[in-house]
Amino acid sequence: MRATIIHGPGDIRVEDRDYPRVELDSDAVVRVSAACVCGSDLWPYRGVRETREPRAIGHEFIGVVESVGPGISSLAVGDFVIAPFTGNCGHCPACRDGVTVACEHLVSWGSKDEKGHFVQGAQGEAVRVPNAEATLVKVPGVKDPDDELLADLLTLSDVMGTGHHAAVSAGVGPGSTVVVVGDGAVGLCAVLAASRLGADRIIAMSRHEDRAALAREFGATDIVAERGKDGADRVRDLLGGVLAGAVLECVGTAESMDQALRCTRPGGRVGFVGVPAGGAELPIGLLFAKNITVGGGMAPVRTYLPELLEDVLAGKIHPGRVFDSVLSLEEAPRAYALMDQRQAVKVMLKP
């Protein structure tokens, strides 16, 4: 089969690899209908994270079950499924607590499972899914989704659940005032999540007209282009002399965390979901002095999937609007370049 392989900074190739097969009783093999490039995939692409040897890449995919192991009873060949960006067992203490990304038997796409069997990356034609019953979410009544639904469902593998995690971690609810730092796919989904949870005022920090326009469609009431102290001052002006009670940090850099804290009122909360890219150490003295709560981290997308899927299927939310480019799998190198150069918000790859 064809699969996307990263060889080093700026070096993405689509190569031939062995087609996956069932290795363990709990496995399912999924034929990928759509995958995508994540902002966090850009860290190794840019050389921020080291690539020691060529490896399969990609962690967001949806598709159709092709085969199942003998231990599988709740999934069948032909089911359309969503795979969260990590695999989990469903029964360890972390999974029972809903923190599936801290599973004691965690599976990362493009690596090996605990038995030593290879697990394909998401940006390929098919993936073997260990612990398939606990990991995969079946989409009821759907066999061949149209393009709009396909895009909406794909966001549930990562970015919509991650934006939702930021909002939940910051305590967003009816009447909240919210600032979203970051206008990539996760930040835009965080705007949508805050709106879904009932926030009254949502300020999106963006300098890009197309992204700002989508943020408004998703529920942003205001756009702030300024950064640093000027950005925080602008937030204060918009909110009548106070800062925001909830701030969602969706980038992962020292600058974005600094911006988030500058925009948070005393007693407020920051929900952070940006994959750390180095340097974003928290100023404990500031948190102590202002009683700011910081929560979040890697989003337990599998835990959030059922409720978000229900809203997608009911047509209440359309997070798939974050995809502004669709390319073939063979064009994966171009997809990375487009996102790296900020010429695309998020690129879907179709095998």
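Trp 109 is buried in this predicted model, its relative accessible area being 7%. This residue takes part in one of the two aromatic pairs that the structure holds, and its ring partner is Phe 61.

**Aromatic pairs**

- Phe 61 belongs to strand β5, which covers residues 61-68, while Trp 109 sits in the loop between β8 (107-108) and β9 (126-129), so that the pair links distant parts of the chain, 48 residues apart.
- Phe 61 is buried as well, because its relative accessibility is 1% and the cut-off for a buried residue is under 20%.
- The structure holds two aromatic pairs, and in the other one the rings of Tyr 45 and Tyr 336 have centres 5.4 Å apart and planes at 40°, so this pair is described as tilted.
- Tyr 45 lies in helix α1 (residues 42-45) and Tyr 336 lies in helix α12, so their pairing ties together parts of the chain that are 291 residues apart in sequence.
- Tyr 45 is buried at a relative accessible area of 11%, and Tyr 336 is also buried, with a value of 0%.

**An open sheet and the helix that packs on it**

- Strands of a sheet pair through backbone hydrogen bonds, and the pairing may be either parallel or antiparallel.
- Here three strands form an open sheet in the order β2-β1-β4, with antiparallel pairing.
- The edge strands are β2 (11-16) and β4 (55-56), each of which pairs on one side only.
- Strand β1, made of residues 2-8, is joined to β4 by two bridges, and in one of the pairings Ile 5 has Ala 56 of β4 as its bridge partner.
- Helix α12 (residues 332-340) packs on this sheet, where it touches β1 and β2, and its direction makes about 160° with that of β2.

**The surroundings of His 165**

- His 165 lies in helix α5, which covers residues 159-169, and at 10% relative accessibility His 165 counts as buried.
- Which residues are in contact with His 165, leaving aside its neighbours within four places in sequence? They are Val 273, Gly 296, Gly 297, Met 298, Ala 299, Pro 300 and Tyr 304.

- The buried residues of helix α8 (residues 228-238) are Gly 231, Ala 232, Val 235 and Leu 238, and because they cover an arc of only 120° around the axis, they lie on the same side of α8.
- What covers these buried residues includes the strands β11 (177-181), β12 (201-205), β13 (222-224) and β14 (244-249), together with helix α9 (254-262).
- Lys 229 and Asp 237 are exposed on the other side of α8.
- After α8 comes Gly 240, whose phi is positive, near 70°.

**Salt bridges**

- Side chains of opposite charge can pair when their charged atoms come close.
- The count for this structure comes to 23 salt bridges, and a few of them are described in the points that follow.
- Asp 79 forms a salt bridge with Lys 143, and their closest N and O atoms are 3.8 Å apart.
- This pair links distant parts of the chain, 64 residues apart, with Asp 79 in the loop between β5 and β6 (80-83), and Lys 143 in the loop between β10 (137-138) and α4 (147-155).
- Are Asp 79 and Lys 143 buried or exposed? Asp 79 counts as buried at 5% relative accessibility, whereas Lys 143 counts as exposed at 54%.
- Lys 229 forms a salt bridge with Asp 233, with 2.8 Å between the closest N and O atoms, and because these residues are four apart in helix α8, about one helical turn separates them.
- Lys 229 is exposed at 54% relative accessibility, while Asp 233 is partly exposed with a relative accessible area of 29%.
- Asp 258 and Arg 262 meet through their side chains in a salt bridge of 2.8 Å, N to O, and being four residues apart in helix α9, they are separated by about one helical turn.
- Asp 258 is partly exposed, with a relative accessible area of 36%, and Arg 262 is also partly exposed, at 37% relative accessibility.

Key. Residues are numbered from 1 along each chain as its sequence is written. This is a predicted model: local features need pLDDT of at least 70, side-chain atom pairs count only at pLDDT 80 or more; totals for chains, interfaces and linings use all residues. Side-chain values use heavy atoms; hydrogens and water are left out. Two strands pair if DSSP finds at least two bridges between them. Contact means heavy atoms within 4.5 Å. Axes are lines fitted to C-alpha atoms, for helices over the stretch in contact, and angles run from 0 to 180 degrees between N-to-C directions. Rings of Phe, Tyr and Trp (its six-membered ring) pair if their centres lie within 6.5 Å; planes under 30 degrees apart count as stacked, over 60 as edge-to-face and the rest as tilted. Buried means under 20% relative accessible area, exposed over 50%, partly exposed in between (1.4 Å probe, protein chains only). The arc is that of the directions from the helix axis to the C-beta atoms. A salt bridge is a side-chain nitrogen of Lys or Arg within 4 Å of a carboxyl oxygen of Asp or Glu.
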